[in-house]
Amino acid sequence: MTDGTESMDGDESAVGEVEREPDPSDSLRTFGAVVQALREHAGHSRAEFAELVRYSKHTVESVELGRRMADEAFVERGEEATGNTGALRKSAKFLTRGDAGLAAWFRRWARLERVAVSLCTYECRLVPGLLQSEGYARAVFGNSIPPLSDEQLEAQVVARLERQKLLRERPNVPFSFIVEEHLFRRRLGGIEVTRGLLDHVLELSAPRNVTLQVMPLDAEFHACLDGPVRLLETPERRRLAYSEGQQNGRLISGAKEVSLLYQGYDTLRSQALNPHVSRGLLERMRGEL
């Protein structure tokens, strides 16, 4: 997702929280400081500068504080408003977002994952990111439309594998996964990738705090037919949920809706294969390859 160009006459409410950088990088903060210094040197207040670059005062403030990525239009208009020194154009080349490789709509959930006291995941589309092997992750991102550049693909893979540190570094946090059987049988990336995936999943799900259950192909009942869902509990004992679809994701905080999702997940636990049987199934699948 990329930041759009704002007009001073546009709908300010269109600038959603999803476009802000939840974890600003050093380059964003540095670029923001350069913008502020040049603006002040030119003698413009934020409001005056906002009119010159045709963005809102709020957006100018967000860029200067490193909370938002400046787009090309902001940079070019900012150059004109500050004397065309070339400083903004040159420094903009080094801008990088915080949480590189994570979709904008997923970043807030990723931050919540890091501090959660429990995590539950049901998936029916892909093996969950927290369990993906490097080869499987590369196969996933290699199927992106439009195709990713080598640099983009590498950033995505690195970010996905970095998240898996949660499983290794938080042994006192219970992680629960329920994954559809067909996802392990689909040979995404080929047989070798599938072998590596099964080995990786069996390794990551071995610790006592990680529970993996497989939802079998022949299950007659299914409590989560509405699609994948993630659930977590914060250190403050607040329960939250996350739902993701095509090019979007939604953080769910309403107590009633979250409660219903937890009920569905708890029911699905009773319908899926138990962890011991699930592990045995994956081991047999690995042996068949």
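**Labels and their cut-offs**

Modeller: In the protein chain, residues 24 or more positions apart account for 73% of the contacts with a separation of 6 or more. Contact means heavy atoms within 4.5 Å. This is a predicted model: local features need pLDDT of at least 70, side-chain atom pairs count only at pLDDT 80 or more, and totals for chains, interfaces and linings use all residues. Residues are numbered from 1 along each chain as its sequence is written, and side-chain values use heavy atoms, with hydrogens and water left out.

Biologist: What does the secondary structure of the protein chain come to?

Modeller: It comes to 13 helices and six strands. Both kinds are DSSP runs, numbered from the N terminus: helices are H or I with at least four residues, strands are E with at least two.

Biologist: Why does R163 count as buried?

Modeller: Buried means under 20% relative accessible area, exposed over 50%, and partly exposed in between (1.4 Å probe, protein chains only). R163 has 10% relative accessibility, so it counts as buried. R163 is found in helix α8 (residues 150-163). Across the protein chain, buried residues make up 44% of the 289 residues.

Biologist: What makes the link between the side chains of R163 and E113 a polar contact?

Modeller: The value is 2.8 Å. A polar contact is a pair of N or O atoms within 3.5 Å; within protein, one must be able to donate a hydrogen and the other to accept it, and residues adjacent in sequence count only if both atoms are side-chain atoms. The side chains of R163 and E113 make such a contact.

Biologist: Why is the aromatic pair of Y55 and F74 called edge-to-face?

Modeller: Rings of Phe, Tyr and Trp (its six-membered ring) pair if their centres lie within 6.5 Å; planes under 30 degrees apart count as stacked, over 60 as edge-to-face and the rest as tilted. Y55 and F74 are 5.3 Å apart centre to centre, with 70 degrees between the planes. Hence the label edge-to-face. Y55 sits in the loop between α2 (46-53) and α3 (57-64), and F74 in helix α4 (residues 72-81). Both Y55 and F74 are buried.

Biologist: And what makes the pair of W109 and Y242 stacked?

Modeller: Their planes are 25 degrees apart, and their centres 5.5 Å. W109 lies in helix α6 (residues 107-115) and Y242 in strand β5 (residues 239-245), so the pair ties together parts that are 133 residues apart in sequence. Both W109 and Y242 are buried.

Biologist: How do you know that R239 lies over the face of Y262?

Modeller: R239 is at 4.0 Å from the ring centre of Y262. A charge sits over a ring if NZ of Lys or CZ of Arg is within 6 Å of the ring centre and within 35 degrees of the ring normal. R239 is placed over the face of Y262.

Biologist: How do you know that β5 and β6 pair?

Modeller: Two strands pair if DSSP finds at least two bridges between them. β5 and β6 have five, in the antiparallel sense. Y242 stands opposite L251 in β6. Strand β2 (residues 175-180) and β3 pair over six bridges, in the parallel sense.

Biologist: What makes β3 and β6 edge strands?

Modeller: Six strands form an open, mixed sheet in the order β3-β2-β1-β4-β5-β6. β3 (210-215) and β6 (248-252) each have a single partner strand, so one side of each is left without a neighbour in the sheet. Still, five of the six residues of β3 are buried, so β3 is largely enclosed by the rest of the structure.
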